Amino acid sequence: MDSEPRLQRRTWASALMRTLVLLIGFVCMVGFAVALAKVTLVPSAASVDLTHTNLTPGDSIRTYIDQPAFRDTVKQIGGNLLLGVPFGVLLPVLIPKARGLLRVVLVTAVVMLLVETAQGLLITGRAFDIDDVILNTAGALIGYLILGRRLGRALHPRRTHWWQRKPREAPAEREARGPDAGRVPGTRRRPALPAALRSRTAASRTGAKKPAGKKLAGKKPAKTAGKSAGTAKRAAAGDPPAKGPRWWSTLRTGRRSAPQRP
């Protein structure tokens with residue numbers, strides 16, 4: 001039985017389904033961004049006298065709870081919670097690196113802090129409220145635990161955390177464990193390369209020079225001292241200098257032949 005999620009399989013149907021899910025998630029994120037802007041960044045002149053800045057966590061929540069009408073309490077608290085749920089659902093789908101409980105909470109908190117800051121500084125009839133940030137972040141946490149975590153795992157491979165990463169093994173330890181150690185069951189093992197090809201590949205990786213050819217390997221350096229003594233003796237006797245072999249014959253035979261007298 002294949003344990004790989006259906007949307008992560010390397011088939012045309014899985015790729016088409018994954019693309020469709022990502023496209024739907026992108027459209028939902030755009031729609032959510034527009035709705036968030038209309039709810040939070042639209043001026044409200046009638047609420048100027050009713051709004052005030054709140055920097056103390058819990059003050060606005062207690063005010064919502066102390067309201068006489070239970071419907072208004074549910075509207076205020078439930079509305080802020082629902083406003084953060086799309087973050088927890090869509091972030092793991094569209095941004096794989098944002099998966100994880102702490103990452104979703106951190107991204108949601110940063111975004112909502114920016115929105116609340118813009119409300120308090122730029123929007124008429126709006127004010128900065130730290131409790132709204134807390135409720136929105138809690139809503140993102142709920143959305144991630146209910147649906148976002150499952151969607152993220154279905155679409156993207158699981159992340160390898162820093163505590164799950166194994167240190168590199170030494171070559172001796174890898175050879176001691178055997179060639180099939182660490183191989184995924186059901187996969188084929190790569191065939192071993194020939195010894196000559198392995199040595200050539202290792203030499204190319206390390207930058208080592210290639211060994212000389214067979215013809216040039218046996219070439220010995222010429223004895224300059226003996227050559228100069230023979231030349232001086234022939235010059236004293238009045239004989240013409242001996243002509244050595246041509247350079248192409250040296251390359252062909254790999255050694256110098258004895259000089260020939262005319």
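Reply: **The nonpolar core**

The largest nonpolar core has 14 residues, and those with the most contacts inside it are Phe 32, Leu 36, Leu 83, Phe 87 and Met 112. Such a core is a set of buried Ala, Val, Leu, Ile, Met, Phe, Trp, Tyr and Cys residues joined through side-chain atoms within 4.5 Å, where buried means under 20% relative accessible area, exposed over 50% and partly exposed in between (1.4 Å probe, protein chains only). At least two residues of this core come from each of helix 1 (12–40), helix 3 (70–94), helix 4 (101–122) and helix 5 (130–155); helices are DSSP runs of H or I with at least four residues, numbered from the N terminus.

A word on the basis: this is a predicted model, with pLDDT of at least 70 needed for local features and 80 or more for side-chain atom pairs, while totals for chains, interfaces and linings use all residues. Residues are numbered from 1 along each chain as its sequence is written, and side-chain values use heavy atoms, leaving out hydrogens and water.

Back to Phe 87: leaving aside residues up to four places away in sequence, Phe 87 touches Phe 32, Leu 36, Pro 92, Val 104, Thr 108, Val 111, Met 112 and Ala 140 (contact means heavy atoms within 4.5 Å).

Now to the loop between helix 3 and helix 4, where Arg 99 lies. Arg 99 is buried, at 10% relative accessible area. Its side chain reaches the backbone oxygen of Pro 157 at 2.7 Å, and a polar atom of that side chain lies 3.0 Å from the backbone oxygen of Pro 96.

In helix 3 you will also find Lys 75, which counts as exposed at 62% relative accessibility.

Technical notes:
Polar contact = N/O pair within 3.5 Å; in protein donor to acceptor, adjacent residues only side chain to side chain.
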